[in-house]
Structures are given as C-alpha cells and as structure tokens.
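Reader: I am new to this kind of picture. Could you walk me through it?

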Amino acid sequence: MSKMIHLARPYFDSEELVEIRKVLESGWVSQGPKTKEFEENVSKYLSAKNVVALTNCTCALHLSLLCLGIKKGDEVLVADYTYPATGHSVVYCGGKPVFVDVDPKTYNISPDEIRKKITKKTKAIIPVHTFGQPAEMDEILEIAEEHDLKVVEDGACAFGAKYKGKFAGTMGDVGCYSFHARKGITTGEGGMVVARDREIAEHIRKLSVFGIVTAWNRENTDEFVVPEFNEIGYNFKMSDITAAVGVAQLKKLDYIIKRKIEIARYWDEKLEKMSLINSPYNSPDGLHIYQSYVALVDKKINRNRLIELLRKEGIQAQIGTYASHVQPVYGSKDKCPNSLEIFNKAIALPMFYTLEEAEIDEMAIVLERTLEGM
Ligand SMILES: Cc1ncc(COP(=O)(O)O)c(C=O)c1O
C-alpha cells in the first residue's frame, strides 16, 4: 500500500472545536448545560424520551441492569458474540451472564437459542446489535413478554441503526450506546442510555452522580438543598467538554451513515469476486450502519496469519469481536459454536467515513493476492 490504512478513523471538523471553545469559555466544564443540550438533541434524533448521557456504554449497561433490578443470583441472557463489556455488566451487578449463541449470518443473538436457555432464574436479555446490524427485536420482545423478562439493548455499535423503521436501542426497556473512538460518531469515550420509563432513566441519572442530584440541576433551583446520600452511586456522568464534541458529531451522523453504507457496498462488490472470503450479511429488516465491516474467511484460511500479513502490507485489519463464553474470566460452561466459529474466522477490514474507493481498490488487490498465497 502507498500508505498505512487504518481500521477506523473518526471524522471531525471545525464544528467540534467551536463547541469545545464555548464550553471552555463558559467555565462550566463538568456536567452542565452542554450535556443537557446533547441529551435533548439525541432525544429529538431518536424521537425518544428519557435520555441520559454517561461516561461510556459499559457503565450504561451496568446502571441499566442495576436499575431494572438485576442482583445476585439472577441470570441474564447475553448475546455471546460481543465485546466482553456486555457480560461484565451482568457480573458487576452480582448476576450470572448466560451466553446465548448467535445466528451465523447476522452474528446477532438467535431467538431460538434464547428460548433454550431460559430458566426460573432468568431476569433479562441483552441482545447486541452487532457491528451496527440490528438484532431480531420482534421475536426477542415477544419472548421477553412471554417470560416476563427485561430487555436491555446493547446498541454500543448501533447509534442510528434501524430495525423495521425503529431506532436500535429504543425498543427494549433500556437501550445503551457508545461514543467510543471506533463508533459511528465519537466523543473519545462516551455513552448514553434511553429508557422506556422515566423513573428508570431518573434512577440511572441519580446513580451516575454518586446517588444524588447533579450539581448543575441543584444550582438551577431557587431552593438551597444539601443533598442526602441514601443509595450507593457512581461517578459515571458525562462532562460538558465531552458533550460539546457530541453536539457537533450528532449533526454529522446521517451523512456519515450514508457514506459508510456506500463504502460497505463497494467492499461487498470486491469481496464477491474472491472465493476465500465472504462479505457480511445485510438483513433486509434493518438499516445496518457498519460500525465495522466484518467479513468471514474460508475454513482453509488462518485468520490471524492473514491479519499479520495484511498489516505488513499496510492494511490495519483486526478480529471482529469476541466469543464471550470462552473468556476465562467467566468460567462459563455454555456452548456457542456459531459464535466461536465467527470469533475465529471473522476479519474487520478498514471502514470509516473518509475511506476512498481508490484505497479499497488497492486493498482488494492485496487482500486477494494474500488469500491466494496462503
Ligand atoms: C457490543 C459492545 N458493548 C459494549 C461496549 C462498551 O462500550 P464503551 O467502550 O463505550 O464502554 C462495546 C465497545 O466496544 C461494544 O462493542
């Protein structure tokens, strides 16, 4: 390659700097009016009420489960093929993550497998909208209703994705998003929850501020009240500097998604001509926003070796994400063969807003040559 092509690259322009400057000059840099503005803008974008900005998606999942009542001894069904933040969030609450296998095409949690794993201890399901492709929410919500289970959507990678016209993250009891550097829009680190019930959102907000009311909200009332700590909370609140970046990034979301879909179609065309790699499935039920473009290599191909060879050629490829049940930390006895296969055979190829067709042309030549030489 003429230059190293990174796996992902955030897209910023002067708008982020303008917003950050406003916050710095205001003097209110911790959580305050800019976070409120970001929350309001997200709320309008998603046409959803009860939005709370947080430090990251991991704490969004953690607080969502806590506020939905997950505690020691409870089982939570977790999509196995995910970044382990999903499983960790259950453990933080004292619960047991029960890993559920995924569909080999979409990489998303399989509703049939969910049914097999429900026990008397099951309290919630966490579907993950893997790499920005929405999970089978109709069936998942149906199962949840039948068995009286809560649904926490892990939409870390799916802010702006849609399932049958509805935004991913807005269909369950709570939806969680990430604004980490590799996500569609980013604040460096950042997260957001959207809750169906106002009380749940308010509880999440309280627990994100040590268990009390945020300082800015306290300052904005006429009454002077000394807060009382009646519940153990955390410091998971978003700062106004972070929110400033979010306000500017949100304006770019629609055109970033549009362009990434074009890039995905271009990659698809290239991969269709190669016999040793398959392009990712794109379900007609959803709007896949391609947080990552994750293909599957043929059984014959040593995926890790392929990543090494591509990196030597200047293409920063990566694995997709993880099979949770084989991570030693969980000591799980669950079997999730599809997830394990995808964990071993998936490869994320460069995918970002400013990636150009000419760069994909060049990478496709290298990829095909490398695959055939293996
Ligand atoms: C599916 C999934 N869930 C949760 C997370 C955690 O997000 P954050 O880094 O914002 O805590 C990630 C991060 O990559 C993710 O991919």
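Reader: Which helices each supply at least two residues of the shell around the ligand?

Author: Before that, two notes. Residues are numbered from 1 along each chain as its sequence is written. This is a predicted model, where local features need pLDDT of at least 70, side-chain atom pairs count only at pLDDT 80 or more, and totals for chains, interfaces and linings use all residues. Helices are DSSP runs (H or I, at least four residues), strands likewise (E, at least two), numbered from the N terminus. Here α3 (57–67) and α4 (85–92) each supply at least two shell residues.

Reader: How many residues surround the ligand?

Author: A residue is near a molecule if its C-beta atom, placed from the backbone, lies within 6 Å of it. By that rule 14 residues surround the ligand, and the closest are Asn56, Cys57, Thr58, Ala156 and Ser178.

Reader: Which residues of helix α12 are buried?

Author: Buried means that 20 or more other C-beta atoms, placed from the backbone, lie within 10 Å of the residue's own. In α12 (residues 337–345), Ser339, Ile342 and Phe343 are buried. Seen down the axis of α12, these residues fall within an arc of 105° (taken from the directions from the helix axis to the C-beta atoms), so they line one face of the helix. An α-helix has 3.6 residues a turn, so residues three or four places apart point the same way.

Reader: What do the buried residues of α12 pack against?

Author: Contact means C-beta atoms, placed from the backbone, within 7 Å. The buried residues of α12 pack against β3 (81–82), β13 (293–297), β14 (322–323) and β15 (346–349).

Terms used. A residue is buried if 20 or more other C-beta atoms lie within 10 Å of its own, exposed if 12 or fewer, and partly exposed in between; C-beta atoms are placed from the backbone. Two residues are in contact if their C-beta atoms, placed from the backbone, lie within 7 Å.
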